[in-house]
Structure formats: C-alpha cells, structure tokens
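The sequence and the structure are shown here for reference.

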Amino acid sequence: MRVAVVWNYGTPLRQCSFRFEEYIHGLEALGHEAFVACPESSNDGFPVPIVSPPGGGGLEDAGFWRGLGADVAIVPSFHQMSDLLELIRGAGVRTIAMGDSDGQMGLRAFPLATLRRKVFSGSPDRGHQVRQLRFLARRYLLSFRRTDPQDAEFVRSAGESDVLILGCEEAKAHFRRFLRTAGAADLQGRVHVSPLAIHRVYVDSPDLGRERRGMVAIGRWDDPQKNAPLLARALARYFGRAGSEARGEPVSIFGPGAESLFGELNRRFPNVEHHGPQYPEVLAAALAGSRFIVFSSRWEGAPHAGCEALSMGATVVGTPIPSLRSWSEGGAYGRVASAHRAGPLAAAMAEEQAAWRRGERHPASIAAVWRQRSSGRGVCQTMLEALAQ
C-alpha cells in the first residue's frame, strides 16, 4: 500500500515530538511505500520522503489528495480536523486518526477531568478561573442538549476516521463512554489501542543488563500539566522517610523548567540532580541504569517517556492517570499512586523500589514486550490490523 503520514499544524517537522521517521521506517519494514504529507511550511529538510501541495498550498485541497495515489492516511488529529478527514476520505483514502488523549472528553461524560485541565491546572489567576468556570458551565448545559460545538467536533472527527487510535485501554474505554453519552454509540467500534512510536534508540539499545538504581523523571517542567511542585514534594517525602540506603539512590530529572524548585531539592538531597533537556541517547543511557521512571502529571495522553522507559526495561510509577494505570497492568510493569498527592506518590515510589529489591522485575523481559509494542514497525502493524478489521 501507499501510506501518507499527515502533519497539518504548520510546525517544522524537526520541532515535533511526533516521531515521523519511525512511522515511515516501520511502514517500509512492513512492505509499504510511505511518506509524510505536509504543507511546504513544515518541510524543513527532515530526512524522510515528503510530499507537499504545490505553490505553498495547504492540505485542504481535494485535488492534491486525488492525485496523491495514497491508500491510507495516518493523521495525528487530536480529536479535531474533521474537515480534513472528510476531504481525505472523499478522495478515496482510508483514514487512521490518532487522538493522543486520555479519552476523557466532553463535559457531560467527564466533568471533573475537564475542570482539572481547563480551570485548575492553568493560570493561577482567580479571575481567569472564574471566567473559565462560567464558560464551562454554559458548555455543560449545551452538552446535555447535545448541542455543544466542541463535543460535536469530537464526534464528527471520530466519524470521519475509519479507525481512531488511543494510547491505552482505559483511554479507549473513556472515549467510548463519551461517544455513548454524545449519542454516537455506533462509532465505538472504530476506537482501537496503540502507543505512540518511540525513537529507535530505545528499541535497539543493547544496554539492559547493568546494575540499576534509583529513578528518572522526564518532562517539560515549566508546563503546569507536569506538576513539578508535586514531584518535588513527593521526592522530599520519600527521602525524608527513607533509610540511609535509600537516600543514596540517584534521581535524575531531565527537561526544561523548575530549575529553582529542583535546585532547592538538590540542596536538601544531593542525590537528586536536574540535568535539563537531553538527547535520546543520553536519556536511554539514564533509563538503562534506573529502576523506574516517575510521573507527577495532572493528566497525560500517551506519554512517549513512559514507553521509552518500559522499552529500556524500567518500570513506571506515577499519579493515577489512565495511561499509567493501563500500562502498569495491575502491578506487572509498575504502580500508580492512590491520589494526586505527595504522600501517595512517595508511597508508590517506595513500593516499586521494594519490588525491585525483591527481584520481581526483569528488565530484559519488560523490554522485549514493550519494544514490540512501541517500535515503529509494531505500532504501524497494530494500526493497519485495526484498519483491516
């Protein structure tokens, strides 16, 4: 087949966290012809086959899609882009949309999750929060009448997708609940599960066998979503209660932001170090020497870092969000806290460390499972099998 991987945000490809090259290589490994379809403004010389509409035009050109000869389009839609999906399908191209969400969509189906994202995790300004609450209250009433425009876009985007991919089983269950609440239960069968494809260094690295100690945290710590203050409080609680042996466990925090917060933590606990942003090769090496990755996120879709850690033989620990609850698989690959608070998160860290000390974790076995699931080839195979159904 001829498969287009679509990017329709105008952002240069090199600046995106989406691993275009892994999807292209994965599709090629499965015997398909693959390329990225994007506007010329996104084509910054990324080293994969790229096709753009002529004359600087956008992707909303039916003639471009009719002349492209594609059989399938993989579209990171984030539950949007219904017009583009409709246009692509109208040109005879089957669509695989990627939602990259936790599935908790719609005020009527998931009011508390929506409030957490839209009000209490954004600006700390009370006036802004009050305005957001008023806006969401109006939308809440509209959602009961099934006239909320955002809910309508979520439904239409799903309806214009032959397959909709979400990153974990719980996200699939959540979005199917939203579809039922929105009066679109007939679309539930289109929702399938696959993680996002990760950088090949995490899939190909042979470094799984050396001694593992401590933990890693990776995130954009200047983003309220990642909740850096909660991570700092949880680590302080964990090491404050731990014995002398545990206080020597290394903690490596990667990513931009919260330098002052983590600097203060380092002054109290010298084993906690903040390294800033790093290349995948550096992160892979850190994960190879760590027992688990810890998340303090308020919410996530399908975070790359979780699958990267699992593919390097580490486990996951974090707040009770759908992706981590699903990926930990009842304790087989990690554990989640009982609440979004420092005490429960510190307890989850301690429990996971104890599981490693008891010899219950086997990095090579963990990596074997998750490398197949998260590699470009594995992800593309899963998506195409869903489409074939």
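Of the 389 residues of the chain, what percentage count as buried? In this predicted model, 57% of them do.

The fold is made up of 16 helices and 13 strands. With a radius of gyration of 22 Å, close to the 21 Å that the globule rule gives for 389 residues, the chain is as compact as a globular protein of that length. Among contacts with a separation of 6 or more, 68% come from residues 24 or more positions apart. Some whole-chain values are collected below.

| Property of the chain | Value |
|---|---|
| Span of the C-alpha trace along the principal axes | about 65 × 50 × 35 Å |
| Distance between the mean positions of the 46 positive and 40 negative charges | 8 Å |

Helix H11, which covers residues 280-288, has as its buried residues Pro-280, Leu-283, Ala-284, Ala-286, Leu-287 and Ala-288. The cover over these buried residues includes helices H8 (200-204) and H12 (304-311), together with strands E8 (215-218) and E9 (251-254).

Cys-380 is part of helix H16, residues 376-388, and because its relative accessibility is 1%, this residue counts as buried. Once neighbours within four places in sequence are left aside, Cys-380 is in contact with Tyr-23, Gly-26, Leu-27 and Leu-30. Although Cys-380 and Val-3 are 377 residues apart in sequence, their C-alpha atoms are 11 Å apart in space.

Key. Residues numbered from 1 in each chain as written. Predicted model: local features only at pLDDT ≥ 70, side-chain atom pairs only at ≥ 80, totals over all residues. Heavy atoms only, no water. Helix = DSSP H or I, 4+ residues; strand = E, 2+ residues; numbered from the N terminus. Rg over C-alpha atoms; globule rule 2.2 N^0.38 Å. Buried < 20%, exposed > 50% of the residue type's maximum accessible area, 1.4 Å probe, protein only. Contact = heavy atoms within 4.5 Å. Lys, Arg positive; Asp, Glu negative; His and termini not counted. Charge placed at Lys NZ, Arg CZ, Asp CG, Glu CD.
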